[in-house]
Amino acid sequence: MKIAIVGAGIVGVTTAYELAADGHQVTVFDQRSAAAEEASFATAGLLAPHLLNPWAVPGFGQALRLTGADATLRLAGGLSRAHLAWLWRWRGQARRLSAPAAALERLAQYSQTRLHAIAARHELDFEASEGRLVLLRTEQDGAALQPALQVLRDAGVALREIDADTARQIEPGLSPEAPLAGAIHLPGAGAGNCRLFAQHLRQGMQGAGVDFAFNTRIDRISTQPVGLAVQGDADLRRFDAVVLCAGMASAALLPPLGLRLPMAAVQGYSVSAPLREDTHAPRASVVDAAQQISIARLGQRVRIAGGADLAGADARHHAPTLQRLYRTLNDWFPGGAQLSSGVQVWRGARTLLPDGAPVLGASGLPGLWLNTGHGAGGWALACGCARAVADLMAGREPEVPLADLGLRDF
Ligand SMILES: Cc1cc2nc3c(=O)[nH]c(=O)nc-3n(C[C@H](O)[C@H](O)[C@H](O)COP(=O)(O)OP(=O)(O)OC[C@H]3O[C@@H](n4cnc5c(N)ncnc54)[C@H](O)[C@@H]3O)c2cc1C
């Protein structure tokens with residue numbers, strides 16, 4: 001088939017890879033000048049297990065505090081009724097623990113296996129590391145995570161609840177003064193540089209049957225006939241199928257076709273800084289459960305990520321949130337990163353549906369397929385989602401069960 005993909009973030013690039021591997025002729029359209037320039041640019045880097053990653057799903061130990069100094073979601077200016085409706089639904093899912101957590105975790109495990117297979121096959125270096133500690137400042141932090149740990153155990157994920165001394169043996173850079181009650185050790189957890197992986201994969205595909213049309217904005221998707229209207233073009237470009245992988249922009253491209261996804265952009269931040277002292281930095285990745293902030297080693301850099309703003313698109317960077325990231329780094333790994341120069345600060349959007357899970361598969365409209373709404377897990381889920389969507393398009397049953405992850409009633 002002749003297939004168009006809208007979006008060259010991590011989801012669009014991996015989808016192109018799998019569809020080309022199935023023998024399709026693929027063109028990827030992106031309004032930006034390179035792959036992974038928007039949400040996939042500077043993610044925290046965390047791969048599976050997904051459920052304990054900040055903002056993975058509503059509930060399951062992910063605290064939702066809207067006020068006070070320890071708020072986990074900041075309601076900023078420019079909020080619309082749609083934002084508030086989304087928040088209402090997210091809170092409802094959190095109370096009922098009704099997110100499709102088990103299905104998402106299986107998908108994340110499957111995705112990680114595929115990602116490593118692709119990296120090995122094409123010798124892609126993406127600054128990968130293995131192993132994670134979820135750091136618990138208090139006993140209560142650990143108690144809140146028990147429902148999530150049960151889902152992980154049921155999914156066969158290796159994990160241990162460990163004391164502070166054992167945690168410090170695993171991550172010797174952890175400050176001896178840090179307030180550590182214990183940790184959850186996930187020895188098989190992965191992390192790596194999402195943008196680097198997307199760019200390597202794109203370069204490899206360029207000569208292998210996939211065309212990338214950068215600086216090309218799609219104004220409209222058509223399903224009868226199937227095709228795309230490119231900004232500035234008079235004629236529709238015709239394809240046999242279109243796969244929508246446009247991140248947050250998917251929410252705007254669908255309504256003219258009669259489809260609405262109740263997505264919200266929950267903005268987060270990352271700070272990437274050069275490694276200063278190897279022995280004071282993380283070896284792999286850690287997550288501060290109470291702060292919902294992660295610290296990961298990415299090659300010769302340390303990346304701290306967190307914060308969540310529900311805000312209008314033009315809201316400014318929130319300086320106190322960035323300070324919280326620096327403070328958390330200093331709590332756990334003082335002296336690990338060089339903060340005086342060479343620091344990259346980034347803000348990006350988690351495109352979150354009210355249950356935290358993406359929408360995968362047929363749209364119900366002729367020729368249009370969906371791979372969008374990956375929330376806080378686009379990097380962790382991309383390779384698995386890409387293979388599953390390619391299987392569905394070929395009329396095959398995906399290797400991983402996708403119950404509850406198709407187009408659903410929100
Ligand atoms: C602070 C932070 C930390 C995160 N940490 C993690 C993590 O540790 N692990 C994890 O798994 N996930 C993480 N995420 C989530 C992850 O970043 C996203 O889920 C993922 O990047 C989404 O990828 P995507 O390809 O769907 O979207 P994007 O990367 O946004 O790609 C969409 C692409 O579509 C293009 N596009 C949009 N509209 C059009 C149009 N009309 N025409 C042409 N092109 C268009 C855009 O230019 C863009 O390139 C994090 C997010 C944030 C904000």
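Start with the helices: α3 passes α5 in a right-handed crossing, where right-handed means that the near helix is turned clockwise from the far one by less than a right angle, and left-handed that it is turned anticlockwise. Before going on, a note on the source: this is a predicted model, local features need pLDDT of at least 70, side-chain atom pairs count only at pLDDT 80 or more, and totals for chains, interfaces and linings use all residues. Residues are numbered from 1 along each chain as its sequence is written. Helices (H or I, at least four residues) and strands (E, at least two) are DSSP runs, numbered from the N terminus.

Which residues make the contact between α3 and α5? On α3 they are Ala101, Ala102 and Glu105, and on α5 they are Val151, Leu152 and Asp154; contact means C-beta atoms, placed from the backbone, within 7 Å. By class, this contact has 4 nonpolar, no polar and 2 charged residues. Nonpolar covers Ala, Val, Leu, Ile, Met, Phe, Trp, Tyr, Cys and Pro; charged covers Asp, Glu, Lys and Arg; the others, Gly among them, are polar.

Next, the sheets. An open sheet of 6 strands runs in the order β7-β2-β1-β11-β18-β17, with mixed pairing; two strands pair if DSSP finds at least two bridges between them. β7 (210–213) and β17 (359–362) are at the edges with a single partner strand each, so one side of each has no neighbour in the sheet. From one strand to the next the twist averages 20°. Strands β1 (residues 2–6) and β2 (residues 25–29) run parallel and are joined by 5 bridges. Isoleucine 5 is opposite valine 28 in β2.

Helix α10 (residues 378–393) lies across β11 (241–244), β17 and β18 (368–372), at about 20° to β17. Axes here are lines fitted to C-alpha atoms, for helices over the stretch in contact, with angles from 0 to 180 degrees between N-to-C directions.

A further open sheet has 3 strands in the order β8-β9-β10, paired antiparallel. Its edge strands are β8 (218–223) and β10 (237–238), each pairing on one side only. β8 and β9 (residues 226–230) are joined by 5 bridges.

Last, the domains, whose bounds come from an automatic or database domain assignment. Domain 1 is 2–40 + 196–262 + 356–393, and domain 2 is 74–99 + 128–190 + 263–352. Their centres, taken over C-alpha atoms, are 29 Å apart.

Technical notes: Two residues are in contact if their C-beta atoms, placed from the backbone, lie within 7 Å.
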